[in-house]
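Dear colleague,

I am passing on a structure that you have not seen before, and I would be glad if you could look it over. My notes on it come after the sequence and coordinates.

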Amino acid sequence: MTIVDHKILRNAPVAQLDRAAAYGAEGWGFDSLRAYNIFTRINPMVQNKNYNEDEKWMREALKEAHLALKKKEVPVGAVVVYENKIIGRGHNQVESLKDATAHAEILAITAASNFFDSWRLEGASLYVTLEPCVMCAGAIVLSRIERLVFGTFDPKQGACGTLYNIPNDERLNHQVEAVPEILKEECSKILIDFFQKLRSQKATTNGGNH
Ligand SMILES: [Zn+2]
């Protein structure tokens, strides 16, 4: 192998391209029947009585996802809501901040903690457009968030019903009520469009040289 410029490697959105490939060229969406089955099996009584309210806040999370999109980030957005008010917002900024932990949920939780001047977010709800990963699901549990509402399942990284079910793991000292698939179509479309565009750009750039 020739000299590798690690800085360039690190700075390129390689992870995005990896994910673009992982998220399937077959038109596969951010949807997982298996995950849904697991989720409903674990939570057979899931019934969402707050649907309209949840949609309203998910639209705010989607606005954040659009901000991420403008920055060419994987478009995921989140808000933390307490007593009918947004107390923290965040969108994915892994590339912009060059920080693997700069997921939408982490930034929204940090903002909400600043608002409360406390790490304990008891009574708060987190709305996020994509099923949280292991790191974010862990942060949601640790911050004692009461309720998690997410837009679409993430078959590759989801830790709230897909690969793991961290919010409902009774071995942990706090459980979080989790509600999936609020504004599922919109939340998955923005991701599918993003990765499709990335794949077509990659195909054009490579031009068959690799
Ligand atoms: Zn995450």
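Predicted model: local features only at pLDDT ≥ 70, side-chain atom pairs only at ≥ 80, totals over all residues.

An open sheet is formed by 5 strands, which lie in the order 2-1-3-4-5 with mixed pairing. Strand 2 (85–91) and strand 5 (177–179) are the edge strands, each of them pairing on one side only, and from one strand to the next the twist averages 15°. Strand 5 is joined to strand 4 (residues 147–152) in the parallel sense, over 3 bridges, and within strand 5 it is Val 179 that Val 149 stands opposite.

Helix 5 packs on this sheet, where it touches strand 1 (77–82), strand 2 and strand 3 (125–130), and the direction of helix 5 makes about 145° with that of strand 2.

Helix 5 (residues 104–116) also meets helix 6 (residues 134–142), their axes coming within 9 Å and crossing at roughly 25°. Because angles under 35 degrees count as roughly parallel, helix 5 and helix 6 are roughly parallel to each other. The crossing of these two helices, helix 5 and helix 6, is left-handed. On the side of helix 5 the contact is made by Glu 105, Ile 106 and Ile 109, and on the side of helix 6 by Cys 136, Ala 139 and Ile 140. Sorted by class, the contact of helix 5 with helix 6 holds 5 nonpolar residues, no polar ones and 1 charged residue.

Technical notes:
Residues numbered from 1 in each chain as written. Axes fitted to C-alpha atoms, helices over the stretch in contact; angles between N-to-C directions. Helix = DSSP H or I, 4+ residues; strand = E, 2+ residues; numbered from the N terminus. Parallel < 35°, antiparallel > 145°, perpendicular 65-115°, else oblique. Left-handed = near helix turned anticlockwise from the far one by under 90°. Contact = placed C-beta atoms within 7 Å. Nonpolar A, V, L, I, M, F, W, Y, C, P; charged D, E, K, R; others polar. Pairing = 2+ DSSP bridges.
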